[in-house]
Amino acid sequence: MNWGFIGFGRIARKFLASLETVEGETPYAFASRSNAHELAKEFPSVKVYASYDELLADENIDIVYISTTNNFHCENTISALRAGKHVVCEKPMGVSSQEIEQMTQVAQETGMFLMEAMWMRFLPAYREAIKRAKSGEIGPIKYMTASFGFRSIDKLTKDGRLLNPDLAGGALFDVGVYPLTIAADLFGWNPSSFTADAQISETGVDQSTQLQLNYSEGQMAQLFASITVTTNKEACIYGEDGFIRMPLFWKCQEFEVVKGEEVEKVAIPFDSTGYVHEIIAARDCINNGEKESNLFTLEESLQSAKLVEKILSTVF
């Protein structure tokens, strides 16, 4: 398939590097409102458009990868679907449940494929760790922890995207969806109760958020997300008979299964920059005539957005 890129920043470059390793998938065109001229010089073999509408009008493009700022995801996705393009949109695909519902409806109306690019869910090591945890290998799961915090000083200004409410900035949208997703993979998207505390930035977004989630069968999850504090970015899943430790869980390539004095180390490296696996999943779904991926369904995108909404409503 011929891929078009809407938005072209750091993540898009990593996605491009992976795309170039997948046989039959071609980076055909880029659209960027901020650096089209520079991209045209850097990628002479790729079409470069200065407007998104021009890219979407190109009949040679089969599928669009969207990595604009969070506030534009819904608008860009709907435009691409209505232009007859399949869509893979970066997380969070929408900044409200209403946006997810709108995008899903348009995808159904147009018959195009739509997937949220929650790349962690597609990584082989991550999937294996979750599978082993849920298989009963460490006994019934009772508790889990996950943190994702970083500090990027060059972006932490009122003009940067991370702290800008107009660009849907904040810790939960940017990195908090990763801890929430791993908790959901273990216990589901609907905790029976939760408590949330947040440090609010001067610009009015959550810069750090701490969560305690409780589930109907007694399980608990403790999560943390931050765009101002660097954490170890580790997840641990605790069962009655042991635990699974996942260092750098959101880009998982290895994990440990600990049972008493026994420590099993498992390494399953991802291919290229890691985005290969979601690219292949999207390709295979489209080739099979499927309109969404069972590895991250549109219903899950909706449930994720609803949970984020509930959390944010308690901290503001």
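In helix α5, residues S97, Q98, I100, E101 and T104 meet L298, S301, L302, A305, K306 and E309 of helix α9, contact meaning heavy atoms within 4.5 Å. By class, this contact has four nonpolar, four polar and three charged residues; Ala, Val, Leu, Ile, Met, Phe, Trp, Tyr, Cys and Pro count as nonpolar, Asp, Glu, Lys and Arg as charged, and the others, Gly among them, as polar. The model is predicted, with local features needing pLDDT of at least 70 and side-chain atom pairs counting only at pLDDT 80 or more, while totals for chains, interfaces and linings use all residues. Residues are numbered from 1 along each chain as its sequence is written, and side-chain values use heavy atoms, leaving out hydrogens and water.

Helices α5 (residues 97–110) and α9 (residues 298–315) pack at about 165°, their axes 8 Å apart. The two are therefore roughly antiparallel, a term for angles over 145 degrees. Within α5 lies T104, which counts as buried at 15% relative accessibility, the limit being under 20% relative accessible area with a 1.4 Å probe and protein chains only. Leaving aside neighbours within four places in sequence, T104 is in contact with L114 and L298.

Turning to the sheet, six strands form an open arrangement with parallel pairing, in the order β3-β2-β1-β4-β5-β6. At its edges, β3 (47–49) and β6 (114–117) each pair on one side only; two strands pair if DSSP finds at least two bridges between them. Strands β1 (residues 2–6) and β2 (residues 26–31) are joined in the parallel sense over five bridges, and I6 stands opposite A31 in β2.

Key: Axes fitted to C-alpha atoms, helices over the stretch in contact; angles between N-to-C directions. Helix = DSSP H or I, 4+ residues; strand = E, 2+ residues; numbered from the N terminus. Parallel < 35°, antiparallel > 145°, perpendicular 65-115°, else oblique. Buried < 20%, exposed > 50% of the residue type's maximum accessible area, 1.4 Å probe, protein only.
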